[in-house]
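Here is a guided reading of one structure, taken a few places at a time. Please keep the sequence and the 3D view open as you read.

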Amino acid sequence: MSETRSNLVRRPRQLRSPWRAVSAMFVLNGALFGIWASRIPAVSEIHGLTPGGLGLLLLLMAAGAILSFPLAGRAADRTGAARVTRRVALAYVLGLVLLALAPTLPLLAAALFVFGAAHGSMDVAMNAWASEVEARAGRPMMSSFHAMFSLGAGLGALSGYGAASIGADIPLHFLVAGSVSALLTLYMAQIPWVGSPAPMGGAAKPSLLPRGPLLVVGFIAFCGAVGEGAMADWSAIFLVLTTGATEADAALGFAVFSVAMVAMRLVGDPVVARIGPVAAGRLAGASASLGALIAVGFASYGAAMVGFALMGIGYALVMPLAFSRAASDPDLPAGAAIASVATFGYGGILIGPPMIGVTAELLSLPAAFLILAALAVFIVVFSHILKRN
């Protein structure tokens, strides 16, 4: 009887391992973002936003994220990544609710800035915590954590579909979905965790941009993020204009890309452990570049789908590899290093779609997709910098 009771006492602790705790935070980060993203059309309609107005508001959200990166990195290095992650997670939930309750456009803009800052802060802090867990375990884990973000984003978007289907208003949806997500994941994250002390006797001063070798790591992250952002906004249009696909068939393009990316992230850690981060980076860049070349070169629906799958497989590993390398940088503590690389990553997501659009206007959309192939070659050439210290 006492043995059974002892097992029951130990079981909750077993459920809250370091890997599960960090995974839960990645799921929460993705879920809150997915909840918001799923209702953007409804929010836009309520506030009477034009496409241009919505674009400006989304840029404001991105600005909040980018400005928060160095501050979150410094906080993670000074007070602990796990503690900062859990605290910012609560602010992130509050930011989601503020979005739903904003009655006027100026207040919506302010709420989006806060929401973006909380999202960005949690992104940096949870990646810093993930790097600590990865280092303590002595094996690659970052890819699986990023897969959990994708899972959370999908679940959050699914909640939006359900809420819209039953006619639930946005405040109710955001409050219920955000609260349930937070309760489930924050419970899993409540583990005792003491991270490694920051090198150089303390945390680095906040800095938006990486320096030295980290600058190359940041540009690798930028190249991967440009591809991800471009695929999200242009993959369906590419299929319609270059292969004559129907709107329904074109929508499957990004789905194939996303499924390939999640699948690769789920198996990415064993791959990195077996061949090392340098070879994994070269493989990732080669796969993304080959995929873009196939999609452009054959200009058929089937070939484009194969190309999109290869691009998803390639881009899946780029950001996890970049963050793991940043966390092991010998000159900066993990939080500050990850924050600086994350700035380049977000910059790529912002710059990628309009860059493709401008190039397509001047030349053609296939020519614009060749930019993705060229940037992926950069990843191949400079993957030696991904070697961890």
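Which residues in H2 meet which residues in H5? On the H2 side they are Met25, Leu28, Asn29, Leu32, Phe33, Ile35 and Trp36. On the H5 side they are Thr85, Ala89, Tyr92, Val93, Leu96 and Leu99. Sorted by class, the residues of this contact are 11 nonpolar, two polar and no charged. The model you are looking at is predicted.

To describe how two packed helices lie, one gives the angle between their axes and the distance between the axes. Helix H2 covers residues 18-38 and helix H5 covers residues 81-101. Their axes come within 11 Å and cross at roughly 10 degrees. Angles under 35 degrees count as roughly parallel, and H2 and H5 are therefore roughly parallel to each other.

Now turn to helix H7 (residues 142-165) and helix H10 (residues 247-298). The axes of H7 and H10 come within 6 Å and cross at roughly 150 degrees. Because an angle over 145 degrees counts as roughly antiparallel, H7 is roughly antiparallel to H10. The crossing of H7 with H10 is left-handed. H7 contributes Met142, Ser143, Ser144, His146, Ala147, Met148 and Ser150 to the contact, while H10 contributes Val262, Met264, Arg265, Leu266, Gly268 and Asp269. The classes here are six nonpolar, five polar and two charged residues.

The next topic is aromatic rings. A pair of such rings is described by the distance of the centres and the angle of the planes. Searching the whole structure gives 11 aromatic pairs. In the pair of Phe219 and Phe222, the ring centres are 5.3 Å apart and the planes are at 20 degrees, so the pair is stacked; the cut-off for stacking is under 30 degrees. Both residues belong to helix H9 (residues 213-243), where they are three residues apart, about one turn of the helix. Ring pairs also link Phe219 and Phe222 with Phe378 and Phe382 into a cluster.

Phe222 has 14% relative accessibility and counts as buried, because buried means under 20%.

A last stop is Ser44, which lies in helix H3 (residues 40-46). With a relative accessible area of 12%, Ser44 is buried. Leaving aside residues up to four places away in sequence, Ser44 touches Leu49 and Leu54.

Key: Residues are numbered from 1 along each chain as its sequence is written. This is a predicted model: local features need pLDDT of at least 70, side-chain atom pairs count only at pLDDT 80 or more; totals for chains, interfaces and linings use all residues. Side-chain values use heavy atoms; hydrogens and water are left out. Axes are lines fitted to C-alpha atoms, for helices over the stretch in contact, and angles run from 0 to 180 degrees between N-to-C directions. Helices (H or I, at least four residues) and strands (E, at least two) are DSSP runs, numbered from the N terminus. Angles under 35 degrees count as roughly parallel, over 145 as roughly antiparallel, 65 to 115 as roughly perpendicular and the rest as oblique. Contact means heavy atoms within 4.5 Å. Ala, Val, Leu, Ile, Met, Phe, Trp, Tyr, Cys and Pro count as nonpolar, Asp, Glu, Lys and Arg as charged, and the others, Gly among them, as polar. Rings of Phe, Tyr and Trp (its six-membered ring) pair if their centres lie within 6.5 Å; planes under 30 degrees apart count as stacked, over 60 as edge-to-face and the rest as tilted. Buried means under 20% relative accessible area, exposed over 50%, partly exposed in between (1.4 Å probe, protein chains only). A crossing is left-handed if the near helix is turned anticlockwise from the far one by less than a right angle, and right-handed if clockwise.
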